[in-house]
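This briefing walks through a structure by topic, for a reader who is new to looking at protein models. Please keep the sequence and the 3D view side by side while reading.

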Amino acid sequence: MKEQIRQLIEQASTIIIHRHERPDPDALGSQFGLQRVLQKRFPDKKIKAVGEMAASLSFMGELDLVDSTEYQQALVIVLDTANQGRIDGAEALNGQQTIKIDHHPDEDPYADVQIVDTTVSSTSELLVHLLNEWEYDIPAAAAIQFYAGIVGDTGRFQFRGTTSRTFSVAAQLLDTGIDTDWLYRNMYQTELVALQLQGYVLQHIQLTEAGVGYVVLTQDTLTTFDATVEQASLLVNSFAGLKGLKAWALFLETDKEVRVRLRSKGPVINEVAKEFNGGGHPMASGATIKDLTEVDKVVSRLNEVAEAFTFE
């Protein structure tokens, strides 16, 4: 499969790289990183990275515009996207062939060819392993993107998905001379409105007897703080250190739905996410509910998985 993907990349004259909607650092880092590597190795190919940019991550690069007709003869690579419904861009499956490269559980094999490895920390790490096998050079411009993706998905190397292989890849990327001071300044700077909203979140945490923490942010609350849903979503880990916490949820009300960000220190939560129109990793997932009347249903299911889990 790896060799087949390499051959498809080398044969294609146009490559369009997609990833999931509402991108995080790994989605953008893997996307921009792969683009930079391929642009250096194949300067005569047309290689574009597409999708909507997250305002808080705009420092990572500038996305391309692609005409729908360009897909007719294009190889499409979809990164860091477990299921078809989460792909940013409906045209992604209109290419001549589609490749999926991901580290989430493989619940939707939507591509013609795919590599899915759930043992790696991130799609960025997975790509570095692949590129090393293919002996493709990773320049500093790509290395900093991959490094950002790994840092984002490992929580700065704190999460259990971090392995010795992850640190080996990180060391390789650091050896290219990337500016990590610049990266961390941009990744973790916080606007005043976000800090003020974080204060509200910390004051309104609810913790169940089973060890499930949750906070509900309504549209009215976001309006009061003049905060966007994207700014609010970044606060999902703001109370991760709470004593007695096993799993937690941040509910974000929009004018169309309620987005649910789920995290865990042990209980497997992606199965819960799937019950509510979502999915993801065992310890980090997302879901969507119709309105705030369904909050209790999500919390109830989280209570069930939390009660069955012990750290001992």
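This is a predicted model: local features need pLDDT of at least 70, side-chain atom pairs count only at pLDDT 80 or more; totals for chains, interfaces and linings use all residues.

Strand β9 is mostly covered, with five of its seven residues buried.

**Strand β9 and its partners**

- Strand β8, which spans residues 247-253, is also mostly covered, and six of its seven residues are buried.
- β8 and β9 run antiparallel and are joined by seven bridges, and the two strands form a hairpin that has four residues between them.

**A closer look at Ser 264**

- Ser 264 has its place in strand β9, which covers residues 258-264.
- Is Ser 264 buried or exposed? Its relative accessibility is 10%, and because buried means under 20% relative accessible area, Ser 264 counts as buried.
- The side chain of Ser 264 has a polar atom that lies 2.6 Å from the backbone oxygen of Pro 267.

**The six-stranded sheet**

- The strands β8 and β9 belong to an open sheet of six strands, arranged in the order β6-β7-β8-β9-β11-β10, and the pairing in this sheet is mixed.
- The edge strands are β6 (206-207) and β10 (279-280), each of which pairs on one side only.

**The five-stranded sheet**

- Five strands form an open sheet in the order β2-β1-β3-β4-β5, and the pairing here is parallel.
- Which strands stand at the edges? They are β2 (46-49) and β5 (113-116), and because each has a single partner strand, one side of each is left without a neighbour in the sheet.
- From one strand to the next, the twist averages 15°.
- Strand β1 (residues 14-19) and strand β3 (residues 75-79) run parallel and are joined by five bridges, and in β3 the bridge partner of Ile 16 is Val 76.
- Helix α3 (residues 123-134) packs on the sheet, where α3 touches β3, β4 and β5, and the direction of α3 makes about 110° with that of β4.
- Helix α1 (residues 2-11) lies across β1, β3, β4 (97-102) and β5, and runs at about 125° to β5.

**Arg 6 in helix α1**

- Arg 6 has its place in helix α1, and with a relative accessible area of 19% this residue is buried, because the limit for that word is under 20%.
- The side chains of Arg 6 and Glu 10 are joined by a polar contact of 2.8 Å.
- Leaving aside neighbours within four places in sequence, Arg 6 is in contact with Trp 134 and Tyr 136.

**One buried face on helix α5**

- In helix α5 (residues 164-174), the buried residues are Thr 166, Val 169, Ala 170 and Leu 173.
- Seen down the axis of α5, these buried residues fall within an arc of 100°, so they line one face of the helix.
- An α-helix has 3.6 residues a turn, so residues three or four places apart point the same way.
- What covers the buried residues of α5 includes α3 and α4 (140-154).
- At the start of α5, a side-chain oxygen of Thr 163 reaches to within 3.2 Å of the backbone nitrogen of Arg 165.

Note on methods
Residues are numbered from 1 along each chain as its sequence is written. Side-chain values use heavy atoms; hydrogens and water are left out. Buried means under 20% relative accessible area, exposed over 50%, partly exposed in between (1.4 Å probe, protein chains only). A polar contact is a pair of N or O atoms within 3.5 Å; within protein, one must be able to donate a hydrogen and the other to accept it, and residues adjacent in sequence count only if both atoms are side-chain atoms. Two strands pair if DSSP finds at least two bridges between them. Axes are lines fitted to C-alpha atoms, for helices over the stretch in contact, and angles run from 0 to 180 degrees between N-to-C directions. Contact means heavy atoms within 4.5 Å. The arc is that of the directions from the helix axis to the C-beta atoms.
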